[in-house]
Amino acid sequence: MHLRKKSWGICLAVCMALTAVLCTYPRAQAAAGVNTEKTGNLTLALGAEDSDQMARDMARIEEPLQIHVWKLADMTEVGTYDFREAFQGLSTEGNDWKTLSEQAFGLVYGQEEGGVLSGEPRIAPAFTAEVEVGEDGSLTSAEEFTGMELGLYLVAADSARSPRYEYSFTPMVVSLPWSEYQYVGGEASDEWQYDRDVILKPARTPLYGDVRILKTLESYNASQGEVTFVFDVTAADPETGEMVYSNVVSASFSGVGTREIILENLPAEALVTVTEVYSGANCQVTASDEGPKAVIAGEMGEGTEPVTFRFTNAYDEEAKSGYGVENRFRYDTEAETYVWTTDRDDINAE
């Protein structure tokens with residue numbers, strides 16, 4: 001087990017299920033004494049079983065999940081908690097499990113509870129572990145923390161990324177040992193259990209990337225004035241085929257050279273097609289790169305290059321200018337897009 005230096009961004013706004021009832025108040029257990037000679041075991045699992053698509057996508061997370069554990073308190077023989085020095089501000093009185101986990105995490109990072117916390121913690125974890133995500137979206141290695149001292153623990157996981165989504169996990173407070181009575185009270189069993197399953201329930205946020213169009217004009221006739229080239233850009237979901245993006249963009253030239261068009265924040269892995277729908281008067285396409293190509297998430301690392309489409313045109317000496325060509329594509333200011341037309345202002349004018 002080791003601690004890696006990296007961003008520990010963990011979102012505190014998602015739902016984490018410790019038990020069927022997460023937000024009940026921690027209860028002391030006095031009906032049966034705690035065997036303080038024993039140790040406890042934590043077993044980790046991923047809660048992606050409700051979504052096959054999520055499980056398949058999480059299987060594409062390349063880096064191991066980073067799990068961190070802080071010991072908040074020792075457990076007494078009568079089932080109460082003796083909080084350690086760094087966590088003296090915490091209490092199980094009047095707090096539900098969720099609030100307690102937020103408060104503990106705020107102490108670890110030195111920030112207010114309820115926010116998105118990142119950066120290095122000011123309190124080092126008791127231990128860490130790396131866990132691999134398998135092909136079915138489940139954890140495959142280092143799934144257990146065994147021989148743990150009895151007490152109250154904060155368990156947290158770093159955010160992780162697949163090529164398409166960023167996953168986050170809510171920190172949780174778990175008791176070793178634990179009993180059903182702690183969570184539901186009443187007639188629930190007060191028997192102490194020294195093994196605990198911890199469900200890492202993921203929430204995800206889509207990632208986005210940019211698309212670049214490089215347009216090159218190799219030759220140019222100054223007598224034709226500025227020339228404009230128009231591109232239709234569409235993107236489809238790679239699994240459903242549903243259209244997720246549609247836009248029309250243009251590049252204008254008053255001489256030879258290359259122009260760059262950047263389209264920002266398209267869904268990662270969306271399949272993009274770029275079509276040159278208007279090539280300017282007296283210009284012909286000499287090279288075309290329409291796709292489709294998959295968007296690469298810009299968050300996947302420094303130096304990530306956007307997916308690029310390249311088009312090249314040249315002036316056609318033999319082409320005949322005329323209103324039919326010059327006016328086939330115009331910009332509709334009300335619709336805010338380009339439309340096909342064969343009309344000209346000087347045709348049938350009175």
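This is a short chat about how to read some features of a predicted model.

Reader: What should I know before I start?

Author: Residues are numbered from 1 along each chain as its sequence is written, and side-chain values use heavy atoms, with hydrogens and water left out. The model is predicted, so local features need pLDDT of at least 70 and side-chain atom pairs count only at pLDDT 80 or more, while totals for chains, interfaces and linings use all residues.

Reader: How do I read aromatic pairs, and how many aromatic pairs are there by this rule?

Author: Rings of Phe, Tyr and Trp (its six-membered ring) pair if their centres lie within 6.5 Å; planes under 30 degrees apart count as stacked, over 60 as edge-to-face and the rest as tilted. Here the rule gives six aromatic pairs. Take Phe 127 and Phe 145: the ring centres are 5.2 Å apart and the planes sit at 40 degrees, so this pair is tilted. The pair links distant parts of the chain, since Phe 127 is in strand β4 (residues 127–131) and Phe 145 in strand β5 (residues 144–148), 18 residues apart. By the way, helices (H or I, at least four residues) and strands (E, at least two) are DSSP runs, numbered from the N terminus. There's also one aromatic cluster, formed by Trp 70, Phe 105 and Tyr 109.

Reader: Is Phe 145 buried or exposed?

Author: Buried means under 20% relative accessible area, exposed over 50%, and partly exposed in between (1.4 Å probe, protein chains only). Phe 145 has a relative accessible area of 1%, so Phe 145 is buried.

Reader: Which residues touch the most other members of the largest nonpolar core?

Author: A nonpolar core is a set of buried Ala, Val, Leu, Ile, Met, Phe, Trp, Tyr and Cys residues joined through side-chain atoms within 4.5 Å. The largest has 27 residues, and those touching the most other members are Leu 42, Leu 46, Met 58, Leu 65, Ile 67, Phe 145 and Phe 169. A second, separate core has 25 residues, including Met 75, Phe 83, Leu 90 and Ala 156.

Reader: How do I check a helix, say α2?

Author: The expected span of a helix is 1.5 Å times one less than its number of residues. Helix α2 (residues 97–109) has 13 residues, so the span should be 18 Å; the end C-alpha atoms are 19 Å apart, which agrees. Its buried residues include Trp 97, Leu 100 and Phe 105. The buried residues of α2 pack against β2 (65–75), β3 (81–83), β6 (151–157), β9 (172–176) and α3 (180–184).

Reader: And what order do the strands of the open sheet have?

Author: Two strands pair if DSSP finds at least two bridges between them. The open sheet of four strands runs β14-β13-β16-β18, with antiparallel pairing. Its edge strands, β14 (243–253) and β18 (293–294), each pair on one side only. Between β13 (residues 227–236) and β16 (residues 271–278) there are seven bridges. Ala 235 has Val 272 in β16 as its bridge partner.

Reader: Where are the cis peptide bonds?

Author: One joins Leu 176 and Pro 177, with omega about 0 degrees, and Pro 177 is in the loop between β9 and α3. Another joins Gly 291 and Pro 292, with omega about 10 degrees; Pro 292 lies in the loop between β17 (283–287) and β18.

Reader: What about Asn 265?

Author: Asn 265 has a positive phi of about 60 degrees although it isn't a glycine. Asn 265 is in strand β15 (residues 257–267). With a relative accessible area of 54%, Asn 265 is exposed.

How values were computed:
Contact means heavy atoms within 4.5 Å.
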